[in-house]
Amino acid sequence: MSASFEVIIGLEVHVELKTASKLFCGCSTTFGAAPNSQTCPVCLGMPGVLPVLNQEAIRMACLSALALHCQVRPVSKFDRKQYFYPDLPKAYQISQYDQPLAEFGWVSVRPAGGDVKKVGIRRIHVEEDAGKLNHLGQRLGDAVGSLVDLNRAGVPLIEIVSEPDLRSAEEARLYLTELRATLSYLDVSDLRMEEGSMRCDANVSLRPVGYAGSVEDLPRVEIKNVNSIRNVQRGIEYEIERQRELLVHGERIVKETRGFDDATGQTYSQRSKEEANDYRYFPEPDLPPLVLDVSWIEDLRRNLPELPDAIRQSLVARGIPSKDAEVLVLDREAYEYWNAARSLYADERTLVNWMLSDVLRVLNLRNESFSQASVGPRALVELLTLIDQGTLSGRMAKEVLEAMFATQKSAADIVKERGLSQITDVAAVGAVVESVLTSHPAVVADYLSGKEKALAYLVGQVMKATRGQAKPDLVNRLLIEGIARESNPTR
Ligand SMILES: [Zn+2]
């Protein structure tokens, strides 16, 4: 039986806001503190306490919503989502149900070779995080016990719910990458998936071609809490194939929540999925509706920083190749490094070339990011200036760059210490060229008979004799002139 299916994916992304204190109490939100050291009667869910809303969390949430092209509602409200689990001492989570903070946004994704596609954002709501269970064992199934850490309970989150507009695992990857890049320019979250400050659940279903019903009615599998964008993509890829196999063999898809096993690349069944009415949402009686001043929202909108779409356009307009522009846009630190360096150096393309090849290579080796780079924008520009002045060849500069990273010294100091200055003196290089030509008559003959590669060999000999310090274009020119003279002495 041959059957074809269309893939339907929607993503729910939880982003922890990096406020100093929690959403409804004054406890610190610092990551990595001793378990349960950042708690109080409010976030521990003691009876009789009252939540007080953190204004900074709402500002960050609105900023995120506006950057993702959402409409922020002037009035939204908080609701209690009931569920019983040891990571939630109140036995309910304060969230937003039928009147979320923001709706109707979008994220643009750019599939390779395809058109830009707008993926809808259905809603963004504000809620408090739960605590964290640490299971004593390899997996939940074989755990011998669990410990709860409530430092995270009450940390502000936004949940960003996409429309089911994504059609492949690759589109899901692009969506998450763009979403993360956009939020990175707002300074509202650490966005570290491995630490849980950004988490993604993926809803995956397959629709038989010709299916006339609603997407919402398709049996949907939710892959929970995957710890990297790459693994979200892998989990979705696996899930698409698993569901396709089942459907092709006439079996039904069970609506459920599945985990993802990084080691095998497979998803595994965890539990059947709850419906919204299982949570018995009801309005939070301890918090008034959240009423936002429209002029305050407009003020936030006007003061949004430069965001990926605008940055892309301006980079390409400045002559940066779109592939390089994409790397800069998606890595805010790289973009800021480039921005700082370009204010000191006119040749922006050369700058981006050096950054994304040599600098990036050394950063990766040293496990540094652009913001922590031992060689900062100013030091890199000094190095490039030495190339422009003819002091260093490109090849020598690569060596100097590595030494700069290793020693934290300036390019000029390293050149001086190592006696690295490039030989640009025509007479000095000319003398070496003459001796190389005299001692390699066969290679010269090869070159004259049309073997272009023979010239590279001769260049190599001159560079060897000058310890790599002869100016390469000068060597080339003098070799060609020398050969011409020898082969045609009358001219
Ligand atoms: Zn607290």
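The model is predicted. Four cysteines coordinate the zinc ion. The largest nonpolar core has 108 residues. Helix α3 spans residues 229-248.

**Zinc site**
- The zinc ion is held by the SG atoms of Cys 25, Cys 27, Cys 40 and Cys 43, at 2.3 to 2.4 Å.
- Along the chain, these donors follow the spacing C-x1-C-x12-C-x2-C.
- The arrangement is tetrahedral because the four donor atoms subtend angles of 100 to 116 degrees around the zinc ion.
- For four tetrahedral donors, the ideal angle at a metal is 109.5 degrees.
- Cys 40 and Cys 43 are both buried.

**Nonpolar cores**
- In the largest core, Leu 11, Ile 160, Tyr 175, Ile 236, Leu 380 and Leu 383 touch the most other members.
- Helix α1 (residues 55-67) supplies the largest share of this core, nine residues.
- Domain 1 (5-299) and domain 2 (306-418) each contribute at least three residues to this core.
- Beyond its neighbours within four places in sequence, Leu 380 contacts Tyr 337, Leu 351, Met 355, Val 359, Val 375 and Leu 401.
- Another core, of 20 residues, lies apart from the largest one and includes Val 443, Val 444, Ala 454 and Leu 458.

**Helix α3**
- Helix α3 has 20 residues and reaches 29 Å from its first C-alpha to its last, close to the expected 28 Å.
- Its buried residues include Ile 229, Val 232, Ile 236, Glu 239, Arg 242 and Leu 247.
- The buried residues of α3 pack against helix α2 (169-184).
- They also pack against β1 (5-16), β11 (198-208), β12 (221-226), β13 (256-261) and β14 (266-272).

Note on methods: Residues are numbered from 1 along each chain as its sequence is written. This is a predicted model: local features need pLDDT of at least 70, side-chain atom pairs count only at pLDDT 80 or more; totals for chains, interfaces and linings use all residues. Side-chain values use heavy atoms; hydrogens and water are left out. Donors are N, O and S atoms within 2.8 Å of the metal (3.2 Å for Na, K and Ca); water is not among the atoms, so sites may look incomplete. Four donors count as tetrahedral if all angles lie between 85 and 135 degrees; four count as square planar and six as octahedral if opposite donors are over 155 degrees apart and all others between 65 and 115; anything else is irregular. Buried means under 20% relative accessible area, exposed over 50%, partly exposed in between (1.4 Å probe, protein chains only). A nonpolar core is a set of buried Ala, Val, Leu, Ile, Met, Phe, Trp, Tyr and Cys residues joined through side-chain atoms within 4.5 Å. Helices (H or I, at least four residues) and strands (E, at least two) are DSSP runs, numbered from the N terminus. Domain bounds come from an automatic or database domain assignment. Contact means heavy atoms within 4.5 Å. The expected span of a helix is 1.5 Å times one less than its number of residues.
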